[in-house]
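Here is a short note for a colleague who has not seen this model before. The points below follow the order in which I would read it.

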Number of protein chains: 2
Amino acid sequence: MNRIKACRALLAKDHLDSFLVTNPVNIHYLLNRPTLFDSHFNGVLLITEQEAILLADFRYFESAKVAELDAEIRLIQKKPLFDIFFNLVAEKGLKKVGFESGHLRTAVFLKLRQRLGECFVPQFNLIELIRAIKDRSELEAMTKAAAIGDQIFQRLLTLLEPGMAEREIALEIDFMLRRAGAEKVSFEPIVASGPNSAIPHAQTGSRCLKSGDAVVLDFGCVYEGYCSDMTRTVVIGRADNKLKKIYNWVKAAQQLALDGLEAGMTGGAADALARDYFKLHRQAAKFGHSLGHGVGMDVHELPILAKTSTQKLQPGMVFTIEPGLYLSGFGGVRIEDMVVMESDGPNILTTAGKDLIEL
Amino acid sequence: MNRIKACRALLAKDHLDSFLVTNPVNIHYLLNRPTLFDSHFNGVLLITEQEAILLADFRYFESAKVAELDAEIRLIQKKPLFDIFFNLVAEKGLKKVGFESGHLRTAVFLKLRQRLGECFVPQFNLIELIRAIKDRSELEAMTKAAAIGDQIFQRLLTLLEPGMAEREIALEIDFMLRRAGAEKVSFEPIVASGPNSAIPHAQTGSRCLKSGDAVVLDFGCVYEGYCSDMTRTVVIGRADNKLKKIYNWVKAAQQLALDGLEAGMTGGAADALARDYFKLHRQAAKFGHSLGHGVGMDVHELPILAKTSTQKLQPGMVFTIEPGLYLSGFGGVRIEDMVVMESDGPNILTTAGKDLIEL
């Protein structure tokens, strides 16, 4: 189904005659051109019942023109963007314009609300909910992105050795991902070793790998505009018994979550699959984050697999399953796969093995 | 001067008793720890007359604790962040809380406004204005970031040759910057060749360099949390006369702007230095963007050097001077230096030569 049409159908439900899209990722999505503009793109897309109008400044107008988009393209010049938008609302006689309240900054909202009044209606996650269900071409791109990650993980195993700095390893991951065909990393690779591995979002730093370290390797890449995300934890030299025990708990919790996933269950119910196992072993306090998150054009998007999430996991959704246990001062373990929800259960896109690897 | 104190002084002027900082770059700045958290950090900093309180979730709490910050650190758990913030406002008896309207998303604003009412006051660019004036340690980091860029540009000249793809060159720039000590690129390098060089924010792509091409190379890196940004345009093989003419206009306009810069002049007056020269040669319509932008922890920040900018260029500000001319279908030229405004004129941080280079 045409994405702009899907958007219009939701607008009609909410009695809106138009929708202002400001999130550049959503603009790329609706135009079905995931890699058209760079990250500085600051134009907007106005969807009305009949038209789609893209406002772009001088820097992007030329690329937009040659891209043969399903949208009229207007150049932003002389006046500020939101003056032009205001005039457009008048020109088209729009009465009820939805906007992305999860994206638009308050300063711009306050200005537009002053001029448009109640005609300007906040909408939360409207496009994000459409984006959560992937179509075939999106799944193809993400399968490829995940495969690049897997391939690089295998190569990484041959490189890691005591003495290497975390930062050096992260740089190597980045280079290898792009040499293997990725457009870029989906986020800066996390390489957290020894006690740093107890920090779920550790800053990759100058610490060097030592024998006995757990090393959390969390990385992903972008292929044709779509992200991958995976984590493996490996051990340098021999794992001591405590580390082995933690590793096995995390591995078991991750497998339980994968085995228990069913289309139609809530994000909260999925989260409980791993969390209840940790509770059983009195480890739940060491699992401080949520089980997973959607992945797509953004590396963090809908759905959310967290304790309180009531969103249903539907066929076509792609998300991570990434339980972890973190012991302050000692170390941590996280294992993360990316899966596609299908009607008969999850299809796991990450293929790297999950048995404990001691290097 | 302590940055949090500088912030408090501005609050007092606006009769605010506190300020909610949501922009992670501003949080890093105020804590004087530019590289503490990664790009997913989503905590907030509350500045009151007496205290600074950082709210961080599980993923960042550990790093915040060990960092010995000049702030009390509280863990976000069980309740959503903004519920905790709301309770904190009550606990501290705050009556007038400023917030960053240029950063806070409308959806969060609407929720907080509902609970806090007129007690919750939009402030625009409050920290950004403090950030625009750099101190010595910031200037040192930026000087180093600029030097890494210059060094890599020289090396790049030895690599470029017909047949290389734009994307391959961009990748090489990225690798070289980081191998030379940068933490990362300050934005994805722009490599725009031949007709693509007529697009100021071209997507670096699969086009291969050909003899006669203008190649716009626009890149920068991050060192100790601070950005650099530079552009040079080189020619593969021989430049034809038309390209030479454009090159010389841009070079002359850039030099005129550098020579004419004075502390205290407005961003608009600075922009006119180059724009008036292009007008004289009837080229102004081909210079569609502004003359420059501030650089710091963000690669685009205050001040703005654009036609309508009334902001004064003050000693300690760091910004780019980057005129360009773009001829659709033919090609374009841009030359960009990063400068520090000093009381007796600009100090140019970019040292790469600007005579036409034919490779």
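1. Helix α7 (residues 136–157) of chain A packs against helix α8 (residues 166–179) of chain A at an angle of about 130°, their axes being 10 Å apart. Helices here are DSSP runs of H or I with at least four residues, numbered from the N terminus. Axes are lines fitted to C-alpha atoms over the stretch in contact, and angles run from 0 to 180 degrees between N-to-C directions.

2. The model is predicted: local features need pLDDT of at least 70 and side-chain atom pairs count only at pLDDT 80 or more, while totals for chains, interfaces and linings use all residues. Residues are numbered from 1 along each chain as its sequence is written, and chains are lettered from A and ligands numbered from 1 in the order in which they are written.

3. α7(A) and α8(A) are therefore oblique to each other (under 35 degrees counts as roughly parallel, over 145 as roughly antiparallel, 65 to 115 as roughly perpendicular, the rest as oblique). I148(A), I152(A), R155(A) and L156(A) of α7(A) meet I173(A), M176(A) and L177(A) of α8(A); contact requires C-beta atoms, placed from the backbone, within 7 Å.

4. In chain B, the axes of helix α4 (residues 81–91) and helix α5 (residues 106–116) come within 11 Å and cross at roughly 30°. α4(B) and α5(B) are therefore roughly parallel to each other. On the α4(B) side the contact is made by F82(B), F86(B) and V89(B), and on the α5(B) side by V108(B), K111(B), L112(B), R115(B) and L116(B).

5. 100% of the interface residues of chain B are also interface residues in chain A, so the copies meet through the same surface.

Note on methods
Contact = placed C-beta atoms within 7 Å. Helix = DSSP H or I, 4+ residues; strand = E, 2+ residues; numbered from the N terminus.
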